Amino acid sequence: MLILHGLEWQRGCPRLSCQPVMRWLCGAGIGVICLLLLPQVLATNPFGPLVTVAEAKQMPEFLPGGRTVLFIPDTWRFWMAGNRTGLRLALTPPLLGAGLLLPLLIWRRSPEGHSSTGHRFPLVAAITDAVNILWQLCLSSVGLFLLAHALLFKLYLPSRYTVHSLRMILAIAAGVVLTLFLDAVWGWAATRSGAGTLTPRRQILALGLATVLGMLLVLFPLVWGRGFPNVGYVTGTAPEVYEFFAQQPRDTLVASISSEANNLPGFTQRSTLVGQEYAIPYHLGYYHPLRQRILDTIRAQYSPSLSVLQGFIHQYGVDWWLLDKAAFQVPYFAQEPWLQQFQPFTQDAKTLLEQGKVPALAEAMERCTVLDSEQFTVVRADCLSRLGSESSF
């Protein structure tokens with residue numbers, strides 16, 4: 001943005017701005033950014049090497065059904081709608097689509113700043129060069145989007161450079177276009193009136209169009225079924241579980257493969273050994289140990305051997321186990337699809353349940369459960385550790 005703002009176009013070619021203040025301002029901004037980024041560039045990454053594209057294509061986490069789906073077979077979805085790879089040009093609410101007309105209206109404007117569209121959109125002549133900030137933001141966003149694709153994963157995810165900026169551009173541009181439209185409607189209603197006042201018929205029509213447009217803007221959040229705006233807030237559904245863990249010591253560690261484990265750090269300020277939301281596979285030095293903990297948790301939860309369960313508890317220092325009510329039923333694995341990327345452990349656990357083998361944790365639940373709610377069961381880990389070999393199930 002600073003580079004583009006410091007340029008001006010002459011005869012179709014870019015050159016430095018002729019305004020010294022603008023050149024100094026953009027140069028100083030770029031210098032500050034470089035100084036701020038320098039420590040990050042020189043610092044040693046504590047999370048190990050960044051995953052390469054070749055490695056990512058072999059990891060189930062990046063394939064359809066994985067935690068961070070990246071490689072989508074559908075080309076259109078990959079480039080336009082993919083959560084991590086697409087431009088994500090969202091037209092929500094649909095009136096944002098009006099912003100796409102702004103370049104056409106500006107293009108129809110005469111070089112002298114007067115509207116060449118005649119009396120239809122006279123207010124277009126009032127658009128100043130300050131509107132250039134929109135195309136500068138668009139160009140820089142799309143440019144970084146393409147660069148992030150070319151250098152995947154060096155600049156993190158391509159969609160992060162467009163998902164927010166394009167929404168802002170469209171919102172501002174749509175506001176300008178709708179203002180031009182309303183002014184044009186009002187001007188049309190006032191034509192053929194010598195005194196410049198509105199003729200009755202056209203006045204009613206103009207007010208009707210303005211009212212409809214206003215209602216579309218105001219009432220959209222009420223009629224949009226999927227919720228608008230989508231702020232992405234997570235609503236907790238297990239208050240009794242949060243209350244229980246919040247009363248435990250600060251260094252409490254909870255083992256669970258339930259998706260509810262994602263909420264425990266936020267709602268209870270207590271740690272979980274693993275969790276879907278934390279299984280981010282971009283830095284292998286971070287992800288490989290976490291993946292191993294997930295595999296060990298799946299194995300311990302479904303193993304028929306008490307010694308395997310107890311060995312896991314001692315290895316990781318687990319204090320509690322959080323279980324879904326359906327955790328030991330075969331359909332459970334369909335309810336937690338993120339577990340499918342941890343093969344063959346997930347399939348082995350499913351096979352054991354299908355064969356009728358009872359996991360040691362399931363057998364011990366009756367003795368060691370401390371909280372039993374409608375959705376979840378909390379099991380005390382030290383109780384599991386005290387069970388002797390003679391109590392093996």
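**Notes on the predicted model**

1. Met215 belongs to helix α8 (residues 200-223) and is partly exposed, at a relative accessible area of 44%.

2. A word on the basis: this is a predicted model, where local features need pLDDT of at least 70, side-chain atom pairs count only at pLDDT 80 or more, and totals for chains, interfaces and linings use all residues. Residues are numbered from 1 along each chain as its sequence is written, and side-chain values use heavy atoms, leaving out hydrogens and water. Helices (H or I, at least four residues) and strands (E, at least two) are DSSP runs numbered from the N terminus; buried means under 20% relative accessible area, exposed over 50%, and partly exposed in between (1.4 Å probe, protein chains only).

3. Now the sheet: five strands form an open sheet in the order β4-β3-β5-β7-β6, with mixed pairing. β4 (271-272) and β6 stand at the edges with a single partner strand each, so one side of each has no neighbour in the sheet. Strands pair if DSSP finds at least two bridges between them. β6 (residues 369-372) and β7 (residues 376-380) run antiparallel, joined by three bridges, and a hairpin of three residues connects β6 to β7. By contrast, β3 (residues 253-255) and β5 (residues 320-324) pair in the parallel sense over two bridges, with Trp321 in β5 as the bridge partner of Ala255.

4. Do look at Gln341, in the loop between α13 (332-335) and α14 (345-354). Gln341 is buried, at 4% relative accessible area. Beyond four places in sequence, the contacts (heavy atoms within 4.5 Å) of Gln341 include Pro60, Arg67 and Tyr287. A polar atom of the Gln341 side chain lies 2.7 Å from the backbone nitrogen of Arg67.

5. Lastly, Ser303 sits in the loop between α11 (284-302) and α12 (306-316) and is buried, at 8%. Ser303 touches Val308, Pro359 and Ala360, residues up to four places away in sequence not being counted.

Methods. Polar contact = N/O pair within 3.5 Å; in protein donor to acceptor, adjacent residues only side chain to side chain.
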